[in-house]
Amino acid sequence: MDPRAQRTIDALLSAAEELFAVRSVAEVTVEEIAATAGVAVGSVYNHFGSKGGLYAALVERALVVDRQFMDLAYVEGRGPVEQLYAAADEYLAFYLENPEYFRMLAFPGEPGSYAAGQELADRLADSVDEQNRRMVDAIKRGIKAGTIRKVNAQEMATVLWASWNGIISLAWRQDRLRRDARQLKRLLRAATDAFAHGLLVDQG
């Protein structure tokens with residue numbers, strides 16, 4: 001790709017990320033995105049087709065980055081419970097380095113009434129399900145190995161993922177309940193501890 005075109009694309013994605021972080025996609029105009037990026041309005045249509053296309057590209061970028069972090073958790077040589085602890089650590093690292101991507105994936109906005117918006121919402125949900133299936137698989141392997149008691153792996157994975165999202169969202173509070181990165185790490189470890197020990201087979 002032509003370097004100038006790539007710079008324009010990167011500028012538009014960065015501008016969209018900045019604007020969508022504080023306002024919904026519906027509220028942000030194409031003109032605002034172009035002005036923030038320092039490019040012509042036509043660039044949005046030339047490279048992405050529409051504002052929706054730009055948002056979809058941003059979501060795809062967020063999904064790729066999230067997958068890269070989670071790949072570091074689910075590596076061979078780790079036991080199922082070790083993978084769950086590692087997934088918690090990598091999920092927090094993903095948030096700390098990419099807070100807006102985290103918001104986009106963990107707490108997506110309304111898809112709107114357009115078919116393209118609903119398709120994107122479905123794609124996002126499918127990708128989150130795909131990531132959570134790795135957690136489900138880890139739990140199932142633990143059950144098969146006899147180290148994790150028999151539970152509904154899908155439900156347990158959803159409980160753990162939802163608890164992580166809730167804990168990380170404490171960083172957004174504007175009062176004394178706000179938690180910093182160090183505190184979030186401790187809380188995630190505590191939640192995973194409680195979850196993991198609740199799953200483990202009693203060896204007594």
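1. About 170 Å³ of space lies in the largest cavity of this predicted model. A cavity here is a set of points, on a 1 Å grid over the protein atoms alone, where a 1.4 Å probe fits but cannot get out. Points are joined across faces, edges and corners, and the volume is the space filled by probe spheres set on them. By this rule there is one cavity of 30 Å³ or more.

2. Which residues lie nearest the centre of that cavity? They are Asp 66, Tyr 91, Gln 131, Asn 132 and Trp 161, out of 16 lining residues (those with an atom within 4 Å of a point). H7 provides the largest share of the lining, five residues. Helices are DSSP runs of H or I, at least four residues long, numbered from the N terminus.

3. Tyr 91 also belongs to the largest nonpolar core, where Ile 33, Tyr 91, Phe 94 and Trp 164 touch the most other members of the 58. Such a core is a set of buried Ala, Val, Leu, Ile, Met, Phe, Trp, Tyr and Cys residues joined through side-chain atoms within 4.5 Å. Helix H5 (residues 80-97) gives the most to this core, 10 residues.

4. A word on conventions: residues are numbered from 1 along each chain as its sequence is written. In this predicted model local features need pLDDT of at least 70, side-chain atom pairs count only at pLDDT 80 or more, totals for chains, interfaces and linings use all residues, and side-chain values use heavy atoms, leaving out hydrogens and water.

Note on methods
Buried < 20%, exposed > 50% of the residue type's maximum accessible area, 1.4 Å probe, protein only. Helix = DSSP H or I, 4+ residues; strand = E, 2+ residues; numbered from the N terminus. 1 Å grid on protein atoms, 1.4 Å probe; cavity = no way out; pocket = protein on both sides within 12 Å on 5 of 7 lines; lining within 4 Å.
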